[in-house]
Amino acid sequence: MITTRNVCRRSGRNAVMTAILYVLILTNFCVAANDGAANAAKCQFGKPMRKQVPAEPLNGECLRDLVVHLSKVLRVIVDDELGASSFQEMIDKMEFVNVSNSLDAKLTVLVDKFNNKLRLHVDVFKQVYEVIHHILIQDPRPAIYSSQMVDYDMMELNKISDICTDIMKELTMQLRGQEWKNIHILPIKEPYTICGPPTLAHNIGPLLLSQYCSKKNVILLLEHGTFMSESDLALAQITAKTIIDMLSEADNVTVVGLANTAPLLCKDGLLKATDINKFQLIRYIDSLTRTDLNETTKIDFRKLTQNLRDKVLIIHLTNKLQTTSEVQRIVELISWELKTYLKTILITDQQPSTIKKLSNDNVLILPTQNVLGYEIGKLFSCLQCPDHYKKDFYVSDPYIEPYSKAMTISIGQITKTALLSLDIKLRDFLDDITYFNAGPNAYVIFFDNKGVVWMHKNFPRIEMIIEQPLKVHLQDIENIDDQIVTKMINEIQGVVDVKTKLGEQKQYRWRHLIYDDLIICLVSTTNEGILPVARIVPPLPANILHHRLDLMLQTVIDKNTLCVYRNKIVTLSTGVIYLSPWCFQSPMEQLKLLETGSAVNVQGYMAYIKDVTGLLANPGLHSSVKPDVATLAQVLEHFKKQHVESSLNKFIIRRYIVSTVSGVLEIFPGMVLDSSFDPKRRMWYGKALEQSDKIILTSPYLDTGGSGYVVTLSQTVKYSMRANGNTDYAIAVLSMDVTMSYIMRLLLEMFPFCHDATIKCFLMDDKGYLVSHPKLLEATGKIEQQHLTHKELLVANDILNHGLFAKKKLCANYLDGTVQRYYQFNTSLDDVLTNIAHGEHCVRYQVAAVPGTNVFLGVVNVTTQCNMLRAFCPCSTMDHSCLNCKSMEQTSCECPCECSLYSSSCTQQNIDNLDSCPPIYEHGSSLQTSWIEPTNLKSCPSIDCKSYTTEKDCLGIADCQWCHVDTDGETPLQRPFCSDMAICFKGIFGSLIPYSDDSQSTDEITVREWSSVGPVAGGILALFLIVGIILFCYRLRSVHSGLEHQCLHLHTSPDTLRMTHIEGDPEPAELDQIKNNLDCLVRDNVAPISPYRVSTNYRRPPGGDSDHGYSTMTPHDDSEQQTFASEPLLAVDNSVESDLTKQSDIGVPSPTTYLGSPHHVLAPVTVHRDMETNYC
């Protein structure tokens, strides 16, 4: 029987047990909470300076510890594979001496070399003129050609004797050498003839104008009323644009449409004839249309000329024989205050006999068979200034020569019987400036008496410029006061200490050349140059070779040491030496010798380098080359050893080292490099010097050696200059190329959580460009120059709120007239960045700097389904234009972009205090090495890709690719496999790798399981194939015949205009149309067309990238349609036209074209990819 007492006891006991259970549960919750807080606190270094979500462990480890581990692994890889530590120890034990002369001596040597160049060119004029003078003074002969232009090399084809034939015969018989073949001769008595190479005669007009007043005031009055026909107006517009193009920056000009239908471009005065103003005036001229209104212009011409002090030249373009009352009124108004001259350009179709009496120095009658620039130049003869010194010869401004597409200058001379003009490639003239080296604290500038810079350390190499650049002024690019520039122009020589507008202290020393308009200025931050070279040279390996292995085939070299890799000659027995242009005392002369393909020159270099007696003469190398070759060669044996023994060999493409002093490069495996290759202008080199205490990883680029996309790891080797306060000086840069996929493989092996479907691990550099990211491995994904803002919108939007980590910056690219916006991320970050605390996050991320490198490790966890439309980070797919050029907010996400540096107003905005953008990194070459067909050489050892049966094993293997997409670029393969990359580029079956030029067997394509074809079906297919080939050949012949027919009937006078900004064949009509398309140049802050474009030979793969690029710091880095050359192997095929050029209507826009939107976007943009932008 249960009593009440027992019940009470039992219930009390249960209550106690329940209370104890509650206490235990609460205790466990508290312990768990404390453990979680402890882990979070453990992963947060110090007190966070931002209100951010606490960093959480990743598989039990903190990201801060993971990046330290990654840093150690990268350090070990660089040390083991490149021998960085052992080579550094060797350098530390060596003694170095500074071989740099004093800066004053350096400047003197430079000036003397340029003066000698000018004297040699002037001597050509004297010799030519002495030879042909007796021909020029003869009576003129009847014109054989209309506006003829006769090439010296084609004279013998003409049975009819003319003046050019006589000139050619005399010059051939009496002159030696080839330089005279670049001279143009315009006989005064036969101004319709130009003897010499093909030319548009664009320098004839500026040459004539150079002998008149240095500051000319020109007003163009253009009729476009009822009495002007459409054809008359078109010819008047062409002529007006030609006049504007002839003027220099010292001149003032304006254009007035007399029919009063278009507002004047600037009502307050004449415009300086700068590039930007010329573009605007040309756009204004093109806007003039024929009108039925003949209203009187209401322009206040006294106000327009109120600031002028010198003579005014008015040129009236009309088809009326009599001057109109309106023009007479304008002349009277202006002549009230200023000396005024009226000249008329008369456009008429009347018979020459009717109007011949009107032709004089005041009237130019069009059309004319004479050279247009010559006829226009005569209209300026009234502008004679008594204080203007007439020089013996004149040097033109640099321009793009339309036929060779090379930057050129013309040295001109005016005599009583002829105008002589000698064309000189600017790269040959300025090679001593381009490759000047006095250490990291000094550089040289070449500029003229207008303050226009011809060459600067922040300019690309001259040979890389193939479009007319904008003129860059010294005060802008150097951020110095105008008075300093004026002082350098007015004084023959001098030295001045300057504090720039950016606060930098510099010393400028300058001297004028014998042609007083040209000036060389040496800029330094120290009192002497620094070029350390080893005092005691280590022994040089006996078997080391010059990189021109193709030429070595002609010598006694053991052919068994050579092999063929993707149709390129390679040696695995030794490293090779590459003597870059920096190595030579006269770079362009030596480059021309190498391009001739002579083994004698190569043998001469190697004999001098290996000579230990000191008896052999120097073949033209700098004194630092020989000791540098021996010093760098000490690491080649380590390269060779690692190539054989390293476990990472299957991921490494090549290893190389370059001297910062001489520019010598040594590489293993040995291979042939392009003779124009400049290692000092490569990304891996520039970034290594910029951050000399870090291991550098570049963003992926396409290897022209045929190994797909690669990433370069580089590190500097330094020497402590005790004489300069123990300053560390970079002696060399060690580098190696690894496959892009290897970097991802390394992350996956080190951090298993990166395999999770919701997690993405990536590496980005200090500018935000991705080094590794899962999306870079996608078959149809973009790869080169992909920014964080392209692939991780939500992360980019959030990360900009970390003000101490991410900064948006500006720099000025004066050559193309743009302001570049870019990101700079703080590599000294010692904490882990996470999401800003406020708000909900469907994406969680952690980012931390990898110590001792230029990269950051990022981990992204997509926790929920994200609405990507909420992320606003605009990126234009048509160009690089920013969404809003009027403001730049630090926390506003946008892709790296650009705005116009100039405005469309009469007065340009102040562009002071803008730092000049860093030098442009090169990724290709326009030159081509002649190759010898290596038919008798064995093939190099290759990796058997088929031995890797899984995607994991295939990932990152050199020359291999996991082939998983069918030929259409979309359909997955039923049986994916590890394939040779040459036939499955980016994982797309049948997609050939660019640059490889691979002639290897394509057995993998034929072996793939296709349904069998029987004999009957095979015969039918063969029949169709034969018929198809016949039809194709017939069609091809028809097309060629049609083109021949068109070419025979296309003829336009080549002497009508000075043409710039061209890409296609330089026919004047076509070029004029191109100029018409420049009217978008400064409209609504639109950036002008890029002045340089690297010739591209990249074949875009099926389903591959079509990205035009987004890089703001390196315009040549940002397009996968460009030549992304192997580092250091360069492209050797220039036959493929850029896809973008093919798509272009005008032939000018390029992978680095900067054409902006003429519209302001007012509505929020919700589309990230394929955002359309209207332009031009």
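**H19.** I checked the length of helix H19 (residues 599-610) in this predicted model. Its twelve residues, at 1.5 Å a residue, should span 16 Å, and the end C-alpha atoms lie 16 Å apart, so the two agree. Next I looked up which residues of H19 are buried. They are Ala599, Val602, Tyr605, Met606, Tyr608 and Ile609. An α-helix has 3.6 residues a turn, so residues three or four places apart point the same way. I then listed what the buried residues of H19 pack against.

**H2 and H23.** I took the pair H2 (residues 63-82) and H23 (residues 740-750). Their axes are 12 Å apart and the packing angle is about 130°, which makes H2 oblique to H23. The crossing is right-handed. From H2, the contact uses His69, Leu70, Val73, Leu74 and Ile77; from H23, Tyr742, Leu746, Leu747 and Met750. I sorted this contact by class and got eight nonpolar residues, one polar and no charged.

**H7 and H8.** On the H7 side I noted Gln237, Ala240, Lys241, Ile244 and Asp245 in the contact, and on the H8 side Lys278, Leu281, Ile282, Ile285 and Asp286. By class, the contact has five nonpolar, one polar and four charged residues.

Technical notes
Residues are numbered from 1 along each chain as its sequence is written. This is a predicted model: local features need pLDDT of at least 70, side-chain atom pairs count only at pLDDT 80 or more; totals for chains, interfaces and linings use all residues. Side-chain values use heavy atoms; hydrogens and water are left out. Contact means heavy atoms within 4.5 Å. Helices (H or I, at least four residues) and strands (E, at least two) are DSSP runs, numbered from the N terminus. Ala, Val, Leu, Ile, Met, Phe, Trp, Tyr, Cys and Pro count as nonpolar, Asp, Glu, Lys and Arg as charged, and the others, Gly among them, as polar. The expected span of a helix is 1.5 Å times one less than its number of residues. Buried means under 20% relative accessible area, exposed over 50%, partly exposed in between (1.4 Å probe, protein chains only). Axes are lines fitted to C-alpha atoms, for helices over the stretch in contact, and angles run from 0 to 180 degrees between N-to-C directions. Angles under 35 degrees count as roughly parallel, over 145 as roughly antiparallel, 65 to 115 as roughly perpendicular and the rest as oblique. A crossing is left-handed if the near helix is turned anticlockwise from the far one by less than a right angle, and right-handed if clockwise.
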